[in-house]
Amino acid sequence: MGSSFRARSLRHVLAISALAMAAPLAAQQAAEAPVILAADTAGTPEERAASMLAQMTTDEKLGLLMGYFGNDFLQYEAPEEARMGSAGYVPGIERLGIPPQWQADAGIGVATQGGAEVKRARTALPSGIATAATWDRELAFAGGAMIGREARADGFNVLLGGSVNLLREPRNGRNFEYAGEDPLLAGVMVGEQIAGVQSNGIISTSKHYAVNDQETDRGNGNSVIEEGAMRMSDLLAFQIAHEIGDPGSVMCAYNRVNGPHACEHPFLLTQVLRDEWNWPGYVLSDWGAVHSTAASANAGLDQESGYGLQRAAWFAADKLQGALDAGEIEKERIDLMVGRILRSMFAHGLIDDPVEEGQFIDFETNRAVSQADAEGGIVLLKNEGGVLPLLANARRIAVIGGHADAGVLSGGGSSQVYPDGENAVPGIEPTSWPGPVVYYPSSPLEELRALLPDTQIDYLDGTDHEAAAALANQADVAIVFANQWSSESIDVSVHLDDDVLIEGVANHNRNTVVVLQTNGPVLMPWADKVPAIVEAWYPGRMGGAAIANVLTGAVNPSGHLPATFARSLDQLPHPEDPQPGDVVYTEGATVGYKWFDREGLEPLFPFGHGLSYTEFDYSDLSLSRAGDGIVATFRVTNSGDVAGADAAQVYVSGEGWEAPRRLGGFAKLSLDAGESRLVSVAVDPRLLAMWDTDNPGWNRAAGSYTVSVAESSRDIAESAQITLPARHLPPEWRPH
Ligand code: BGC
């Protein structure tokens, strides 16, 4: 079977599914009782799912519990009805009007599997960590809504993103897909993205549940972490994302957690997710993350994904039937699993507003969404001596390296979105999994030339260090582009390949600006030698324009770090490279800035840090109690000469915590020069408490709490105290 685009109507697909799925018994039943089609059921999603279940044969039920890889792979041929080169496909049931589930990756846009012959050209957002760096909920929602629109237009009704694993390990090769190191920031930003995706009447998936915080040995590695610490870190990020986004599905992860694999983990899949959080959706597995039939089903896994990418098929109908016959799985368990899948399909619009592929995509609008996200997420890390913004009357600028003449870098793996036209820099190794390395055709060099028409802007690729230094020598400003490629399935070095190039250029031009495109935090041994550093992450389809706009001041930078940048590896809780086997998170919930604060370490750039071309002042902080939590009210003033946006941060401190301070809330606000605004930020009561394993729930001790408003976790502007009584919140507590 070829991998050419398979354009088929929904009706045709359903007919094929019906032939494959409907057993003779179904036909017999159909003849006996009038069938109510899914679309004609009435009531709540739960009631509609129950009516469907009542009509289904066992074979029909079992068929909904296993998915297929959507791309040919070695000897495996993807089902004809799968969408070309996609992550997955779960057959529907035509007899009952239940459509297939067409699954696509994911977090930055509609991806195509690397092995597919024809790549879908779709709009790529900046990486997940870039979106987190905006600290802007509206941008996160808009990005999700954009992806969801394109997914729907391509006939996908299940999207496999929001990725919310915490950044515990700067070498984790998937940090670019995630949303940084703080459970509140990550949970809020990914929750908004999920809500945005689902605003299109499709399902979004939170992943990779849970503590899948490195790629080394991801299929078998065991994340060892104390329960309370897990509740206050990685699980809290998921919990908050769920409260905001209400994803229709959750993807359990490849790794093990305190022993069992995440996809056969009763504590994670049943106790926490269902019994405590009351989440009503279904759990699907990561692709190849299932290791058993009955144990997984009974632990709370509802659907196995991606048969064909791996050989297992633990949820194949014959295996499930065998487990039923042997009494290892109860019939009620199967009904529960199927019921959850159906409920999500009803609740999120898959039945009432079915997708159809080949719909119109408004690329112009979607590119604008991507560019706004990139511009909001670029972080100005350092700016001394007024090097930036670049002056329109600069005589000569030298642009060096990073393929800045051609485009901007993206991250690899299943989330890879392919651009229209060609990869701007083809042929870089690896050209197949975990590659290809893809550059989007948005050249920072060309965009700079367009914005600064009176400036001579020369370019060298940076491979010849002497030539680069000589060019820098003749220029007023030198801009070095330094990139770090990363991908799913690998962990990466945080040493940049271009450290020597940067030092060489800096030695020949004291106005050297470094623009980074990285997976996440990297080391910068040259940081003291250059006056300006810009972190652009993987900036997406319009990245070149976004970078040029920030460098020239057409856009005032407003991104802030969602993760700490260490000075050296020995500052980290785990200085050694990621290892296979047991990964013992002795630091527990003391992740990122919390670790640096507790250990009294001076990072290179702290969590929350980000400069602007203007200045923001804070004043008039007052605190009040509100419900179980508190509200901080304060004034933010733009005291500089240009308009800008501020990410105002509220930190909280209490006695006996895992760290001196936690992010308690934040607000992104745009202010004209001289403008001042009163802002109120609510602090979630769980962030004022410790998880209590003996008496499960959130325990807040009576006492005095410090609340600060800040420009970063290390740049506190004003603090105040509030006295709070003791309070115990049950595990199921959630904001109203
Ligand atoms: C990744 C998932 C992805 C899936 C389907 C897996 O390898 O870990 O994030 O959704 O593949 O492509």
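The legends below describe close-up views of a predicted model. Residues are numbered from 1 along each chain as its sequence is written. In this predicted model, local features need pLDDT of at least 70 and side-chain atom pairs count only at pLDDT 80 or more, while totals for chains, interfaces and linings use all residues, and side-chain values use heavy atoms, with hydrogens and water left out.

**View 1. The largest pocket lies between domain 1 (3–347) and domain 3 (614–729), because both give residues to its lining.** The domain bounds come from an automatic or database domain assignment. A pocket is an open set of points on a 1 Å grid over the protein atoms alone, with protein on both sides within 12 Å along at least five of seven lines, and lining residues have an atom within 4 Å of a point. The volume, about 670 Å³, is the space filled by probe spheres set on the points, which are joined across faces, edges and corners. Of the 30 lining residues, Arg137, Leu184, Val188, Ala682 and Asp684 are the closest to the centre of the pocket. Strand E23 (662–671) gives the most to this lining, with five residues; helices (H or I, at least four residues) and strands (E, at least two) are DSSP runs, numbered from the N terminus. By class, the lining has 16 nonpolar, six polar and eight charged residues, where Ala, Val, Leu, Ile, Met, Phe, Trp, Tyr, Cys and Pro count as nonpolar, Asp, Glu, Lys and Arg as charged, and the others, Gly among them, as polar.

**View 2. The largest cavity holds about 180 Å³ of space.** A cavity is a set of grid points where a 1.4 Å probe fits but cannot get out, and a search of the whole structure finds eight cavities of 30 Å³ or more. Of the 20 residues that line the largest cavity, the closest to its centre are Arg168, Pro170, Thr564, Leu572 and Phe596. The lining, with 14 nonpolar, three polar and three charged residues, draws at least three residues from each of domain 1 (3–347) and domain 2 (378–584).

**View 3. The second largest cavity holds about 130 Å³ of space.** Gly107, Gly128, Thr131, Val190 and Gln193 are the closest to its centre among the 19 residues that line this cavity. Helix H5 (128–134), helix H6 (137–153) and helix H7 (183–198) each supply at least two residues of the lining, and H6 gives the most, with four residues.

**View 4. Helix H13 (residues 331–347) is largely enclosed by the rest of the structure, because 13 of its 17 residues are buried.** Buried means under 20% relative accessible area, exposed over 50%, and partly exposed in between, with a 1.4 Å probe and protein chains only. Gly349, with a positive phi near 95°, follows H13.

**View 5. A polar contact of 3.0 Å joins the side chains of Thr633 and Ser680.** Such a contact is a pair of N or O atoms within 3.5 Å; within protein, one must be able to donate a hydrogen and the other to accept it, and residues adjacent in sequence count only if both atoms are side-chain atoms. Thr633 is found in strand E21 (residues 629–638) and counts as buried, at 18% relative accessibility.

Methods: The expected span of a helix is 1.5 Å times one less than its number of residues.
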